[in-house]
Every structure is written in C-alpha cells, then in structure tokens.
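Below are my notes on the two-chain model you sent. They are set out as numbered points.

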Amino acid sequence: MNVQVIVKGNVKGSLLITKSPINFLGGIDKKTGIIHDKNHDLFGKSISNKILAFPFGIGSSVGAYTIYSLKYNKCAPLGIICLKADLTTASGCAISNIPLVIAKKTDYDSLQEGKEILLDAITGELR
Amino acid sequence: MELTKYEEAALDGRHGETLSLAYRVLVAIGEATQSDRLIPIKWAHLSGVNYNTIGDAGKDFLSHLSRDAKFTVKTTVNPMGFDFDTVSRYKLDAKFIEGQQSIKNSYEKMGAIPSFSCIPYEIFDVPEHGTHVSFAESNAAIYANSVSGLKTNKEGAFSALASAITGKSPCSDLRDDKVRRPNLTIRMKVETPDELAYGMLGYFAGKVAGSSVAFSGTGDIDRRSCKSLCAGMGTSGRCGMFTIGEEVGEKMDFDKKEMQIIHDELNTSEKGDVIALGSPQLGIEEIADLTAMLKGKSFRKRCMIFCPRAIKGQMKDLGFTNELERAGGEVLYDCCTCLTPLIDKDDVDAVITNSVKGAYYLNTSNEVGVNLKSLKQIINDETI
C-alpha cells in the first residue's frame with residue numbers, strides 16, 4: 001500500500017497495532033518501551049523494535065522527548081504508522097530518526113497484527 | 001512544502017547542524033499537516049524542562065544543542081522538577097538535582113527567559129490579537145488560541161524548540177482560520193459546574209473533538225475553571241482550541257452521566273495523604289481566592305501549592321505567602337503538580353487534587369492513587 005512519508009527511513013519488522021491514541025508521556029515507560037497506562041489496550045506490551053501503528057498521539061507535548069528517550073534507551077519502535085500525524089509524534093520522530101508515515105483509513109484498517117512488513121518511508125510504500 | 005532558498009540551504013546543513021536539525025523538524029511537521037510554507041512566529045513557549053520527564057536523554061540532547069543554538073524569538077519555558085530554593089526540604093538525590101541544573105543551564109544559555117511556568121498567558125503581556133506564536137505546553141496552547149486571541153498549533157516539544165531557534169513554524173492546522181472554526185458542539189448539561197466539572201468537560205472534549213470544538217450552555221467561565229478546562233482538554237486529546245456560545249456542526253451533550261464516567265476513570269482513591277494544588281500553576285487571583293477560603297482554617301495534611309516565580313514578590317507583599325504558610329501550605333515556585341518528582345510512590349499512597357490533568361499524570365506517571373475533588377470540597381474535607 002502507498003503511504004505518505006513524514007520522516008524518511010527504511011525498516012523491516014513485525015506490526016503492533018492499536019485503535020487507541022497514545023499519550024507518550026503518561027502512557028509509556030521511556031526506559032523499557034512498555035505501555036503502562038492501565039486503560040490502554042496495549043497495556044503491558046512493549047513497543048520496542050516493532051513497527052507501531054496507532055491513530056495519533058495525544059496529551060503532553062513532552063511526549064516528543066519520550067520518543068527521543070526511547071531511541072536513546074534503545075527501546076524505540078523501528079517505525080511508526082499513524083492515521084493522522086500530530087506534532088508531538090512527528091517532531092519526536094524527526095529528532096530521533098524514526099521513520100514515520102501516514103496511512104489512509106482503509107489501508108490502516110487492513111493492517112494485520114504481528115505480520116512482518118517492510119516499511120519503505122523513502123518511496124512511501126508498505127509491503 | 002515550498003521553502004525559500006535560505007531555508008533549503010539551512011535544511012541541507014549549509015548553515016550548521018543545529019539549523020539543519022531545526023528545519024528538519026519544521027519540514028516533518030509541515031508535511032504532516034499539509035503546510036505549503038513556513039511563517040514567522042513572535043513567541044515560543046517550550047516544554048521539556050523537567051528532568052523527571054525528559055531524563056538523561058533530554059538532558060544530553062539539550063546540553064549538546066546549547067553549544068551553538070540560540071533562540072531568535074522571545075522564548076519562555078515550562079516548569080522544572082523542583083524549586084531550587086526549597087529543594088533541600090525534599091529527598092531528591094544529587095543526580096536529579098544535577099540533571100535539572102544542567103537542563104536549566106542549557107535553556108538559559110540558548111536565551112530562554114527563566115519563567116519556569118505553564119501559564120505564560122497569565123504572567124506575560126499578551127501580544128496583539130491574531131499574532132502567531134508556538135506554544136508547546138498543551139494547556140497554554142489551548143488557552144492562547146481560545147482566550148488570548150493568539151494563533152498556535154498544539155506544538156510538540158521539539159516543534160516549539162525548532163520555532164524558538166528559527167523563529168518560524170509551518171502555516172497549517174490552527175494557524176488557518178478555516179480549521180479554527182469548530183465542527184462539533186458540546187452542550188454543557190451539568191448544572192452549577194465548578195472548576196473540576198470544567199476540567200472533566202475538557203477531558204471529555206479532548207477525547208471526542210478534532211482540532212477545534214465549540215461549547216454551549218456554559219455561561220461565563222472564570223479563570224480558574226477556564227485553566228482547568230484547557231488542561232483537561234490538553235491531556236486527553238489533540239484538540240487545540242475551543243469557542244464559547246454559538247452552536248455549530250454536530251452536537252453532543254456532556255451531562256452528569258458522562259462526567260461520572262470520567263470521574264470514575266481518574267479518581268482512583270477515596271482519600272489521600274497529601275494535597276497538591278496547581279496544575280496548571282496558580283496565578284495571583286487564584287492565590288488570593290485560596291487565601292480567603294483558608295481564613296481561620298488549617299490544613300490537616302501536607303498541602304503543596306504550585307505557583308510561577310513571577311508572582312512570588314506580589315504574593316509576599318500582599319501577605320498571601322504568610323497566610324498560606326500559616327495554614328500549613330508549602331508554597332513552591334518554578335515547578336508544578338504535573339509530573340513532580342516531589343511526590344514519590346514510596347512515601348505517598350494517594351494525592352488529593354482538583355486538577356484533572358494532575359490526576360491523569362499522577363495516576364499514570366507517578367503511579368500513585370488520586371482523590372479527585374473540587375477546591376471547595378478539599379477545603380471542606382481537609383482543613384480544620
């Protein structure tokens with residue numbers, strides 16, 4: 001499928017998908033990459049070394065530093081797929097060199113949990 | 001996105017690594033929000049100041065950046081983790097204090113005004129109506145758009161930082177008058193709402209609204225309630241603006257039932273060991289109100305009161321600091337309830353607060369329980 005490239009890069013990995021927005025600051029442990037917001041449907045799961053798909057980021061703007069910290073602590077997602085880019089996620093990925101793309105709703109809904117994919121955030125393709 | 005020749009060159013690194021990084025961020029968010037160009041902004045307000053939230057990664061990043069980065073527009077900064085004047089009263093380790101000092105130094109070296117406040121709209125003169133600014137703190141961005149007549153997106157920490165360095169921001173989203181027009185109205189159906197009800201209205205709105213939302217049926221909202229509304233909204237969603245009065249677009253009701261659902265989510269304890277007031281920080285009006293409410297009363301428990309340093313002198317001159325301390329309050333400047341390292345789950349089981357934003361982050365980040373109730377209820381239950 002074709003996606004819009006926000007931050008360039010080329011990564012391969014397995015998909016971790018959620019339908020719920022993510023508050024990076026409150027919701028994720030920056031030292032481990034584990035979601036610790038009890039009300040989130042990915043509670044207890046690690047986003048580390050996954051291609052993470054979530055609709056958009058919410059909450060504190062400091063979440064951008066959480067994304068950078070995840071990278072610094074070597075537990076960041078390999079790449080990110082969003083439905084709508086928010087400035088916290090986009091700026092966090094830009095500083096941290098984490099490939100970020102935007103997928104159309106129908107494409108997003110067709111993503112399969114756990115599937116190995118190639119995220120080509122240079123040509124804007126997802127295979 | 002169309003860039004000028006200078007912007008292209010800066011992006012390519014021909015004006016140094018710092019500017020290249022800053023333009024890379026602006027171009028990424030410009031692409032993300034379908035902007036066609038960059039426009040000048042007059043004021044940047046930065047988040048990412050508290051060592052508790054940005055940690056060593058953020059500290060090292062800022063230290064490196066401050067070697068040659070300089071802010072080119074007025075730049076103010078969010079609260080940090082503690083108040084250097086009173087830090088010895090709290091059991092923070094030397095590593096934390098050093099980390100915070102380094103972050104403070106980096107921002108000051110780059111030219112930030114050391115405001116350490118999440119309410120820049122209340123302690124600085126507000127520029128002319130319609131002026132473009134870049135505010136990262138979510139409650140401040142919403143307040144700036146909705147009350148102060150300024151234009152900003154709900155910036156990320158790095159997008160506001162890039163704006164501070166370049167003096168520019170992509171012209172998109174809430175910088176566009178079409179996007180500022182709400183397409184959803186939330187009808188306030190809770191009668192005689194207090195600041196907590198407004199905080200929960202904001203939290204509800206953040207979950208359902210897009211970029212901008214209209215509220216109807218609220219009547220006049222005082223500053224305390226308005227700040228609570230902005231902070232609640234900034235916590236739960238991506239919405240960066242509201243209007244009051246006119247009903248437009250799709251309609252939804254916010255009633256007692258909806259409010260109860262949110263209260264059940266955030267109120268995780270029926271009692272607490274310590275009271276925390278101020279997320280957002282309390283301004284001089286709220287301090288005056290609080291002082292009046294405490295007349296002849298004393299807190300039964302520790303009560304932390306968070307304020308901007310900008311009002312310290314005025315508070316003292318008007319006798320407010322004395323009166324708050326007489327009632328057992330601990331007045332803290334430069335820091336805030338939200339993500340404070342001064343509340344540790346090893347010492348505290350639950351915190352009493354009237355802040356919806358504070359409640360969310362105390363629950364999720366500090367991992368302590370929260371007894372969420374209005375200021376009036378707190379004074380009623382927790383003083384003698």
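1. Among contacts in chain A between residues at least 6 apart in sequence, what percentage join residues at least 24 apart? The value is 71%, where two residues are in contact if their C-beta atoms, placed from the backbone, lie within 7 Å.

2. On provenance: this is a predicted model, in which local features need pLDDT of at least 70 and side-chain atom pairs count only at pLDDT 80 or more, while totals for chains, interfaces and linings use all residues. Residues are numbered from 1 along each chain as its sequence is written, and chains are lettered from A and ligands numbered from 1 in the order in which they are written.

3. Chain A holds four helices and seven strands (DSSP runs numbered from the N terminus: helices are H or I of at least four residues, strands are E of at least two). Their order along the sequence is β-β-α-β-α-β-α-β-α-β-β.

4. The C-alpha trace of chain A spans about 30 × 25 × 20 Å along its principal axes. Of the 127 residues of chain A, 51% count as buried, that is, with 20 or more other C-beta atoms within 10 Å of their own, C-beta atoms being placed from the backbone.

5. In the interface, 30 residues of chain A are in contact with 34 residues of chain B. Helix α3(A) gives the largest share of the chain A side, seven residues. That side divides into 15 nonpolar, twelve polar and three charged residues (nonpolar: Ala, Val, Leu, Ile, Met, Phe, Trp, Tyr, Cys and Pro; charged: Asp, Glu, Lys and Arg; polar: the others, Gly among them).

6. Not counting residues up to four places away in sequence, A:Ala90 touches residues of chain B including B:Ala28, B:Ile29 and B:Ala32.

7. Chain B has an open sheet of three strands, ordered β3-β2-β4, with parallel pairing (two strands pair if DSSP finds at least two bridges between them). Four bridges join β2(B) to β3(B), and B:His45 stands opposite B:Thr76 in β3(B).

Key. A residue is buried if 20 or more other C-beta atoms lie within 10 Å of its own, exposed if 12 or fewer, and partly exposed in between; C-beta atoms are placed from the backbone.
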